[in-house]
Amino acid sequence: MDVNIPKGLGEEGMKEERDTARACAEVNTPGVHYIDHERPLSNTMAAYVQQVLISTGKDDWTSRIEEDEEAGELVRGLRRLLGKGGALADPYNNIMLSHCSFSPSPVPTQKFKTASAYILPSFHYLPSIPLTPPSIEEFTRAFLLPPTLHLAHKGLLASQRLAFVQQPELQCSCLGSRSASDILILICGHRGRDKRCGVMGPLLRDEFERRLSSIGVFEVLKDAPPAETPPCIPAAKLGVRVGLISHVGGHKFAGNVIIYIPPSLTANDLAGKGIWYGRVEPRHVEGIIEETIVKGRVIGELFRGGIDKESQILRM
C-alpha cells in the first residue's frame, strides 16, 4: 500500500529538514558515498530464515562483526557451525547474524561468559547463552536449525536428516528463554562498515524515540530485559525497543529500518512479521509509526521486503 507521508510543519518540521540536509550532505559526497534514489526498493531485502540479534550495548562495531574481540564471540561460534564447511551448514537455512545496540541482560557471575540475543521472526529472547562450543551448538540445534529440511536434501539417509533439523526439546535447557513481546525497531547504524548508515542510523533512532515517547500508548524501553522471565502482568503501554544494528545489506538505500511486530499484538495485521524499509528519512518516521506500527499497513514506497513467523519471504 502506498502512503503519502507529509513532512513536519513549523519549527519542528524545519529542524527535521535541517537535520536531514546535514545527513544527506555528509553521505552524498560525490564519488565516495551516495543514496540511491533511482533503483526500485521492492525485493532488495536479502532472503533469510532467521535473524540472530546479539545485544552488545555498543552503537558501532568493526567492519566484520566476527572480528570484534569480545562482542564477536557468539558470531564466530555460530559461523563455525553454520558457515561454509561448518558441521551444520545448510545452504537453504540462511541465518542472518547481527549485532545491535541493545544492552545484554545482566546475569549472575558464571564460570563462562554469556551473550543475550533475540531470534526473529520466531520472536524468542535468550538472556544468557553460554559462550562455550558445546553450549553454542546446543543453542543452534534448539533454535536455528530448520524444523524440516528442504526437498533438495531428500537423498540423505534418515539418520543424516535428523542431524540437520531443529531439536525444540533442547529449548527448555536454555536459561531464561522466553517469547519476545516488545515491538522492535532496528536501524542500520554500522558506521564501521559504511558511512551512510552510520550517519542516518543515530538520527533516525533519536527521531523514532522522540515520536514514540510523545504517543501515550507506547513506552520506549531502554533498560536491558531481565535475565529471569518476568511475571506475566498486563502492561499499561506497548513496549518498544529502538536500536542500531550492524550491516544488513543495501547501504546505498540508507536509512535502512526493520520493524518486527510481535505475534502477541493480534489486532495488528503485521503481527508476527518483520518489515524492511529503505531510504527512510526523519520526515518519514511519524508516518511509519502511524501506518505500520499502529495500523499494521505496509508503506509501498519504502518497502524492501519482509518475512513472516514461518520464515516465508513477503513481497509486494
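The model is predicted, so local features need pLDDT of at least 70 and side-chain atom pairs count only at pLDDT 80 or more, while totals for chains, interfaces and linings use all residues. Residues are numbered from 1 along each chain as its sequence is written, and side-chain values use heavy atoms, with hydrogens and water left out.

The secondary structure comprises 6 helices and 12 strands; these are DSSP runs numbered from the N terminus, helices being H or I of at least four residues and strands E of at least two. Of the 316 residues, 52% are buried, where buried means under 20% relative accessible area, exposed over 50%, and partly exposed in between, with a 1.4 Å probe and protein chains only.

I turn now to strand β2, residues 95–100. All 6 of its 6 residues are buried. I95, L97 and H99 lie on one side and M96, S98 and C100 on the other, and both faces are covered. Strand β1, residues 50–55, pairs with β2 in the parallel sense over 6 bridges; pairing requires at least two DSSP bridges between the strands. Between β1 and β2 the chain passes through helix α2, residues 73–82, in a right-handed β-α-β crossover. Right-handed here means that, with the strands pointing away from the viewer, the path from the first strand over the helix to the second runs clockwise.

Next, the cysteines. The whole structure contains 0 disulfides, a disulfide being a pair of cysteine sulfur atoms within 2.5 Å. C172 is exposed, at 72% relative accessible area, whereas C174 is buried, at 14%.

Finally, the aromatic rings. A search finds 5 aromatic pairs; rings of Phe, Tyr and Trp (its six-membered ring) pair if their centres lie within 6.5 Å, with planes under 30 degrees apart counted as stacked, over 60 as edge-to-face and the rest as tilted. One of these pairs is F102 with Y118, edge-to-face at 6.0 Å centre to centre and 70° between the planes. F102 lies in the loop between β2 and β3, and Y118 in strand β3, so the pair ties together parts 16 residues apart in sequence. Both F102 and Y118 are buried. Together with Y125, F102 and Y118 form one aromatic cluster.
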